[in-house]
Amino acid sequence: MKTALKSLLVLWLTAVIIAGIAVPMVKSPSGPLEFPVIPGLEEKARNIFFHVPMAWTSVLAFFMALYSGVRYLRSKDQDHDLRSVSAAGLGMMFCILATVTGSVWAKFNWGSFWNWDPRETSIFILLLIYGAYFVLRSAVEDEEKRATLSAVYSIIAGVTVPFFVFVMPRIMSGLHPGSLGDEQGSGPVVQMNMAPNMLVLFFASLAGFTLLYLWMLSLRVRTARLEAVTNTIE
Amino acid sequence: MVTPIPYQVFVKEVASEFRTRYALNALLMFVVTTLTMVVFSLGDNTVPYEILSGMLWIVIFFSAMSGLSRTFVTEEERGTSLTLRLLTSATNVYIGKFLYNVVLILAMSVFIAFAYRLIIDDFVVRSSSIFWTTIVLGGIGLAAASTILAAIIAKANTKGTLFPVLAFPVLLPLLLTCIRATVLSVEGAFFSEAFKDFQILVSFSVVMIAASVMVFEYVWND
Amino acid sequence: MTPFHLEVRNVRKSFGRKVLFDAVSFDVRLGESFAVTGKNGSGKSTLMKIICGVLTPNGGSVRYVVNDKEIPLSHVAPHIGLVSPYLNMYEEFTGEENLRLFAKIRGIGVRQDDIHGLLQRFGIFEHRNKEARFYSSGMKQRLKYCAALLHRPALLFLDEPTANLDDIGIAVVREVMREQRQRAALVFATNESEDLSFADRVLDLSRLKIG
C-alpha cells in the first residue's frame, strides 16, 4: 500500500513537472491543455509552478522545525530535537532551490540575478536563518544544550518571520509580483488571478512538493533514529 | 526600601561596568575607529544620502555586536552565572540585563549619530524628530533581539563570531526599517509619513521582548 | 521556623550516553540533616545542583513544599543557600559589596550590622573592603558561607563544606552545620567521614544506598 502511494507521488510530480514545462502558452487558449499568456511574463510564468512551491515548502519546514523545538523544550525528549534537525536540513535545501529558481527568473525578467526586492530579501533572510541555525548547532558540544539552544533560536528567528514575509513587502515597493509597485495587486497567487487550468497545475505542484518534503522528512527522521540507536550500542 | 529586583540587576551591571570599564573602553575605541574609516573612505566624494543612511546603521549594528553580548558572556566566563541563578528568578535577570543593554545601545547610538552628523557634511538631516525617534526605537529593538541572542551564545563555544551570525538575519528587518526611516528624515518628510516604519519598530521590540521572556528560562538554566 | 519538605523522587541524570545516577529518592524535612557521599565523579555536585533547581534532571522530580504550598523551582531561591566550589563571587566587587548586592537582588533588606556580624563570624571582617579577586581560596570559601547564610535560608546546601578551610574555619562551619540542623535543614555532600556524623541519613552515590 505504502509503496503504491509513493509510486503515485513520483508519477504525480513527474506529471506536474512535465506539464509545467511543456504545456503550450497561447494567446487565446482553446481548451484545458493550453495556458493563456500573461502579458509581460509569457514563458517565464512557468516559474510559478516550481519556485513558489519550493519557497512554500522551505517555510513549512522551518515552522515544523520550530514546532518540534517547542516540543523538545517541554519534554526534553531528544527525539523531538532529531525531528527539528531533519526538518531544518530539508528546509535549507528547499530554500536554496527557491532562491536559485527565483534568481534565475529575476535574471530573465528584470535583467539581473539579484535586486534586493523585499521578497528576494525575505528568502535570503530565511536562508541566513537556516545557516545560523546549523552554525549554532556546530558550536555546542553537549547534546541537551545543543537541542535547547537551537530550539530557542528557532523560536526567536520564527517570531521575526511575520515581519519580513508580510510587513515589509506590503510597505516597500518592489519588483516581485505582489509588492506595492505591482499594478496587478497582490500578485497572481494571492488574488487567484490565474487561469483555472494554471491554478489546477499550481496547486497540484504545491501538493506534490509538500508531499515530497514530508516523505523525505520521514526518511531522514527514521535514519537519524537508527543512527542514534547504533551510537548507543557502540 | 527594597527597589524592584530587575532594577537591582541593572544596577549591578552598571556598577560592574564602572569597576572594570571593560566594555566601555573597547566600545569607544571601536566606534571611533569605525567612524574614522567611514570618513576616510568617503574622502572628497559626494555620496548619496541613502548610502550614508545605510552606513550609519552598519556602524550602529556592529557596535551593538561588540558591546551587547558582554553582559552574559562575562557571567559565564567568570563563573558567576550559577551565583546569579540562585539569587532570583530568570525573568528578573532577563529584565535587568535587557535594561542595561538598552541604556548601553542608546548611549552608543546617540554618540554615533551625533558624531556622524557632525563629521559627515553631506549628511544633512531635515527632520530631526524622525531621525531621533528612529535612533531610539531602533536602539530598543536592537537591545531586545541582542539580549536573548547574547544569552544563547554565552552558552556556546565560539561566542564572539557566533553573535553576529545569529543576530544578522533576526535584525535585518529592523535594520532595513531603520535605514528607510533615516532616509525619510534626511528627505525632510512629515513625521506622520514615518509612522508605518515606527509601527514596525515598536511591534518588533514588543514581539521580541515577549518571546524572550518566555524562552529565556530555558537558556539561562541548564 | 516554617515547616517545609524537600521531596526528591527517582531523579536520573545522564550526560550523553553515560548515566551518572538513577532512581535517587529521599526526603528532607525541618530539623533533618542529609548527607550525600561517594567517590569523586560519582555526581555529588551534580545532584546538589539538581536539587537546588539550577540543573534539570533527565528524569524524576524535585519538589519543594513550604507551609503546605508547593513552590516552583524557579521561585525557590529565597529558601535555599548554597556553598559550592562551582559558585563564584563577583571578583570586581569587595566582600561587603558582594553581600549587599546579593541581598538587594534577593529582594531582602539586610542591615549593615547583620552583614558585619556574618563577616566577623567567618573571620573575614578585616578584608571586607578588599575586592574579591584578592581573596585567597580560603577567604573566598568563607565569603561564600556569608552569602549563603545572609537570608537565613530554610535549607542549606553545602558541597564540600570544609574545603579550603583551616582548623578555625572548619570549627565555625561545624557550628553552622549544627545550628542549621537544629533550626532548619541541611543537605551536604562530602567525602570527609568526620562530617558525616552530622547527618541523620547518608546517601552513597557510588553504591546508591540510603543508610
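**Figure 1. Val8(C) stands opposite Val62(C) in strand 4 of chain C.** Strand 4 covers residues 59-66, and its partner, strand 1, covers residues 4-15 of chain C. Strands here are DSSP runs of E with at least two residues, helices are runs of H or I with at least four residues, and both are numbered from the N terminus. Two strands count as paired if DSSP finds at least two bridges between them. Seven bridges join strand 1 to strand 4, and the two run antiparallel. The model is predicted: local features need pLDDT of at least 70, side-chain atom pairs count only at pLDDT 80 or more, and totals for chains, interfaces and linings use all residues. Residues are numbered from 1 along each chain as its sequence is written, while chains are lettered from A and ligands numbered from 1 in the order in which they are written.

**Figure 2. Strand 1 and strand 2 of chain C form a hairpin.** Strand 2 (residues 18-29) pairs with strand 1 in the antiparallel sense over eight bridges. His5(C) stands opposite Arg29(C) in strand 2. Two residues lie between the strands, and Gly16(C) in the turn has a positive phi of about 65°. In a regular strand, side chains alternate between the two faces of the sheet.

**Figure 3. Helix 1 of chain B spans residues 5-20.** At 1.5 Å a residue, its 16 residues should span 22 Å, and the end C-alpha atoms are 23 Å apart, which agrees. The expected span is 1.5 Å times one less than the number of residues. Buried residues in this helix include Ile5(B), Val9(B), Phe10(B) and Glu13(B). A residue is buried if 20 or more other C-beta atoms lie within 10 Å of its own, exposed if 12 or fewer, and partly exposed in between, with C-beta atoms placed from the backbone. The buried residues of helix 1 pack against helix 4 (70-77) and helix 6 (90-119) of chain B, together with helix 2 (95-106) of chain C. Arg21(B) follows the helix and has a positive phi, near 50°.

**Figure 4. Val39(B) is found in helix 2 of chain B.** This helix covers residues 22-42. Val39(B) counts as partly exposed because it has 13 C-beta neighbours inside 10 Å. Leaving aside residues up to four places away in sequence, Val39(B) touches Ile119(B) and Ile120(B). Contact means that the C-beta atoms of two residues, placed from the backbone, lie within 7 Å. The C-alpha atoms of Val39(B) and Val213(B), 174 residues apart along the chain, are separated by 40 Å.
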